Amino acid sequence: MSLALRLAAKGRGKTSPNPMVGALVVKNGRIVGRGYHQGPGQPHAEILALKEAGLRAGGATLYVTLEPCCHLLKRTPPCVPAVVQSGVREVVVAMADPNPSVKGRGIAALRRAGIMATTGIARENATQLNRAYLHWVRTGRPYVILKAGMTLDGKVATAKGESRWITGPLARRDAHRLRSQVDAVVVGIGTVIQDDPTLTARLSDRPRKPALRQPLRVVLDSRLRTPPTARVCATQDQAKTLIVTTRRAPRSRRRVLEQAGVEVVSLSTKNGPVSLPALMTMLGKRGITSLLIEGGSTVNAAALRAKLVNHVVLYLAPTLMGGQDAKAVIGGRSPARLAQALALRHMTVRRIGRDVLVEGDL
């Protein structure tokens, strides 16, 4: 099952809104077939593994990281009939699929066909692998990662807004890897105006090599101050951009942005900023299962205050900036008591070049 999970991980950043799945066919102690899901509309892992095994699947054991599907509400045929027809003797599943269209039905169908079906092998590892998909199925909202590069004293920019570059090249490359694995990236209008980022995912800069799959770029802009010449608007051929605004935004600015090929959506609020909970619900309905917040201190604070952040990724540079007027990684008001501070769970720490990466769950 460990090998099947490693196979499944090859689909990271490619399968959404589907889960990552790996499968192995084993007969007489030898692997005779293997496969992993490579993207929406592509054959499922079980189908690929059984196809490679061919007639050798008869009497074999199929190891699969997620319960085989048995429904027709998708672009590919259900896997259970193919598993039954292959002649495998046993199916070992890491975890059941919480998708209401599956949710135990695949296992039950296998057992009715006389196939031994076992679940729960390496369940914890399988759950961790597909945590974004599982969160989306359970809540209808994307799994949210808050990412920032900062100094040791928690500063993300000088008082004048300078932030390039706080972290080193290896940390920035790792951040691009992370960006390439999510469905969407969110920033505030302040980041667009100050830094004019492209927000695309690159595998390398020398030579420049963009990732095959680019995240949706989401800009929070209550009054539509985004210039149509901004790089997130001018590079629609590289990645799509969604600007989320409010009723306060002038219609004339909306028309200009839409003429530039940018999608603009209004989320109603009472004279306030864009509602992040409403945004998450909207993105979830669009099939966005994972989201990376790369905004400034204001967006970070709003997301944490709304309790929308699931995971935190912080790149710490070995520098000290100082100054109360420098931009901190989290803006807004501080809690009155230390007991109200947010504590990370399952925290890990590792070096990336000259920087340190700290991450954990909330």
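User: Which residues of H7 are buried?
Analyst: The buried residues of H7 are Ala171, Asp174, Ala175, His176, Leu178, Arg179 and Ser180. Buried means under 20% relative accessible area with a 1.4 Å probe, protein chains only. Helices are DSSP runs (H or I, at least four residues), numbered from the N terminus. The model is predicted, with local features needing pLDDT of at least 70 and side-chain atom pairs 80 or more, while totals for chains, interfaces and linings use all residues. Residues count from 1 along each chain as its sequence is written, and side-chain values use heavy atoms, without hydrogens and water.

User: What about its span: how far apart are the end C-alpha atoms of H7?
Analyst: They are 17 Å apart, which agrees with the 16 Å that its twelve residues should span at 1.5 Å a residue. The expected span is 1.5 Å times one less than the number of residues.

User: Changing topic, which residues touch the most other members of the largest nonpolar core?
Analyst: Val25, Val83, Val88 and Val91 do, in a core of 40 residues. A nonpolar core joins buried Ala, Val, Leu, Ile, Met, Phe, Trp, Tyr and Cys residues through side-chain atoms within 4.5 Å.

User: And what is Val91 in contact with?
Analyst: Beyond its neighbours within four places in sequence, Val91 contacts Leu62, Val64, Val83, Leu110, Ile115, Met116, Ala117 and Thr118. Contact means heavy atoms within 4.5 Å.

User: Which residues belong to the other core?
Analyst: That core lies apart and has 33 residues, among them Met150, Met280, Leu314 and Val358.

Conventions. Buried < 20%, exposed > 50% of the residue type's maximum accessible area, 1.4 Å probe, protein only. Helix = DSSP H or I, 4+ residues; strand = E, 2+ residues; numbered from the N terminus.
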